[in-house]
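Here is a short briefing on a protein model. Look it over first, then read the points below.

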Amino acid sequence: MSILFSILLFAAASAYIARTEKQIRISALVFALVGGGAILLTAIASLFGYSILAVSGWLKADLYSWFMVALVAFTYITATIVSVRYTGEETREKLMTIDMVRIYFFSIPLFILSMILAVFADHLAVLWIGLEGTTLTTTLLVALYRKDASIEAAWKFIMLCSIGIGLGMIGMLMFVHAGIESGLDVFESFSLSTLREHANILSVSTAKLAFVLILVGLGTKVGFVPMHTWLPDAHSKTPSPISALLSGVLLNVAFYAVLRFKTTTDLVIGNASWTNNLMIGFGLLSVVTAALFLLQQRNYKRMLAYSSVEHMGLMGFASGLGPVGVLALTIHAVFHTFTKSALFFLSGEILLSQKTTKIAGIKNLMKVLPITSCLFLLGILAIIAVPPSGLFTSEFMIVGAGLQFYKWPTIVLLVSLSVIAFSMLKSTTSMLYTKEEDSKMSEVIIHKERWTLTHGVAIVQLCLIFLFGLLIMTTPVMEFFTAISKSI
Amino acid sequence: MMTLSLWNNVFIGGTLVFAIVMMGKPRLPAMLRAFALSSLFLAGLIVTSSLAHGEEQPYAIALVNIAFKVILAPWILLYAARKVNASMALKFYLRPTSTYFAALLVLVASVFIAMKLPDVPYLSIALVLLGLLFMIIRKDLYSQIMGFMVMENGIAAYGILMIGGFPFMLETGILFVVITGAILMAILSRHVQELYATGDTESLTELTE
């Protein structure tokens, strides 16, 4: 494990060792392909039962953590490839200085390292360090452009997330205290796996209170409403490849941490209904609120950010639906990561070309940027769960299970999902097909859109979304995901 | 002869009193001094509480705490403020007298919460709530950072009183993360000061729906 961590540390250091802006980008790319590739292959091998790396001590690996690491590594590679193009273009246009490029490529590997640490952490203090590390390593990325809005977004981001993770820490320490009170020693009480093994002797009232604090605290990082206010600001003001990392994997990593405590609390209580109700409540509130904000959205990056609030809400809702729900949210996590990161990459292409994130400021994009527009439209269709997107399968499972256990909340959820689909399609078609009124268009369309690295990455991701979307319904793939979801 | 338990109470009292004193301070250096004293008493609490829990060498952890919270954190903030010639006069919604009254109400509320939740120590609840209150009633960035640090002291107090503290490596790791957070907040407050020529949080109103 220390080898993988060292690669990421070297990747971060290389941003300050390299002299020119080009060297920084190339070294970041090489480290992402080699380091990220090694992590991805190790994770995939572990998912198929071939154990390459020993994870021990304060860290622990199960199938679900390898699954999360695979998502993190995949997004690390794709985001770095897109970043090479994105930062190159922004440097050329003098929007980024060499110092900003250094901070950019210094922070990404440390951010990835923090996420991997949080995913593998068995020791609760290590988990806290990993989660807080994800906030600290991305704060300077949110504030990268040093403009009014980006500084404000970064301030909200660091304050809200740090306070949230602080509250979560109190919840974690309450679990530790419950362990000590039940006769475990301090080291055992800090180990989440040991706490789970001895869940039946832990105090139920302490575990309930601890879970509430963890849900509110780490829920801030997940983006659950009403603690979500940092999310649209941070996602919209960060460079697009970083938004993809934040939305595509960071939210999933934080959600995974919440899920681990949910299952632990369920073991302490003896049944899951108490935590299920909380998760259903937060999940539904997040989806409904996202639907309301998406109805009047004027900024396409904020639109994607609110879509992330919606998807985290959906996953929260799913986690309250028992084993079928957990299977659905596992599938949902994969497709949300692929789709949302592709959409943010493409939104970066739109921003580079149109210089605005305002929906009203973009007209007739299908003619101006035909490749980006086609891919963006496909991504939007995938994110609103149009088949064969795998999100259709996961949402179908969530609604099916929801109608069995929570009829009326599921109906509200379904209505909200319809509103979201309508709003996102409306905003997208307005950007893609609304005709320009003046004659500026004729000047723009003569510049044919060039093929870029971003398009290549987005096509690979969309192919994976539709291919896996079809494969997900086959028995072996479903069994594979069932095994992963059961390992939480 | 003072017993360990009596020293414990002195340090708990000192941590709380200086956290409250800090809340009424209208100038940055005075606020930072009060925070440093509160953190110094917390370091004392680490020693007495760890000894009470059977730890033999809690001094290294206490020293690391003093280095990070009593010396480094206040120095970083003061340095950041002086670097941009920020005003040392802090901005607030409540005057100091009203602030102390609000803090008193928080202390009373903490008593009731502690009675309902016997697993959570009074000091921890009070510091977390005081930190949150401080962030609400003050409108300058430095006070917001201090509010967060007081809240963090509350979390540390929970660890000290209920668990007997963390192993040295982890305590250092946690403090390193906290101090990195404080540095980043100081950097951001410097940028805000440069952009708006004020450290007032009311200037941060660009991002609305």
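Where in chain B is confidence lowest, and where is it highest? The mean is lowest in α7(B), at 86, and highest in helix α5 (residues 122-137) of chain B, at 94. Confidence here is pLDDT, the predictor's score for each residue, from 0 to 100. This is a predicted model, in which local features need pLDDT of at least 70, side-chain atom pairs count only at pLDDT 80 or more, and totals for chains, interfaces and linings use all residues. Residues are numbered from 1 along each chain as its sequence is written, while chains are lettered from A and ligands numbered from 1 in the order in which they are written.

**Confidence**
- Chain B averages a pLDDT of 88, and 100% of its residues score at least 70.
- The model has an ipTM of 0.91 and a pTM of 0.94.

**Chain B overall**
- Chain B has seven helices and zero strands. Helices (H or I, at least four residues) and strands (E, at least two) are DSSP runs, numbered from the N terminus.
- The C-alpha trace of chain B spans about 50 × 35 × 35 Å along its principal axes.
- A compact globule of 209 residues would have a radius of gyration near 17 Å, and chain B agrees, with 17 Å. That radius is taken over C-alpha atoms, and the globule rule is 2.2 Å times the number of residues to the power 0.38.
- Of the 209 residues of chain B, 49% count as buried. Buried means that 20 or more other C-beta atoms lie within 10 Å of the residue's own; exposed means 12 or fewer, and partly exposed is in between, with C-beta atoms placed from the backbone.

**Inside chain B**
- Helix α2 (residues 28-52) of chain B has 25 residues. From first C-alpha to last, α2(B) reaches 36 Å, close to the 36 Å expected at 1.5 Å a residue. The expected span is 1.5 Å times one less than the number of residues.
- Just after α2(B), Gly54(B) takes a positive phi of about 95 degrees.
- Ser98(B) sits in helix α4 (residues 96-116) of chain B. Ser98(B) is partly exposed, because 13 other C-beta atoms lie within 10 Å.

**Where the chains touch**
- The contact takes 29 residues from chain B and 33 residues from chain A. Two residues are in contact if their C-beta atoms, placed from the backbone, lie within 7 Å.
- On the chain B side, α7(B) gives the most, with 12 residues.

**The nonpolar core**
- The largest nonpolar core has 250 residues, and Val72(A), Val253(A) and Leu130(B) touch the most other members. Such a core is a set of buried Ala, Val, Leu, Ile, Met, Phe, Trp, Tyr and Cys residues joined through C-beta atoms within 7 Å.
- Helix α6 (residues 148-181) of chain A gives the most to this core, with 20 residues.

- Most residues other than glycine have a negative phi, and most peptide bonds are trans.
- The bond from Val225(A) to Pro226(A) is cis, with omega near 10 degrees. The bond from Pro387(A) to Pro388(A) is also cis, with omega near 10 degrees.
- Asn364(A) is not a glycine, yet has a positive phi of about 50 degrees.
- Ala197(B), in the segment after α7 of chain B, has a positive phi of about 60 degrees although it is not a glycine.
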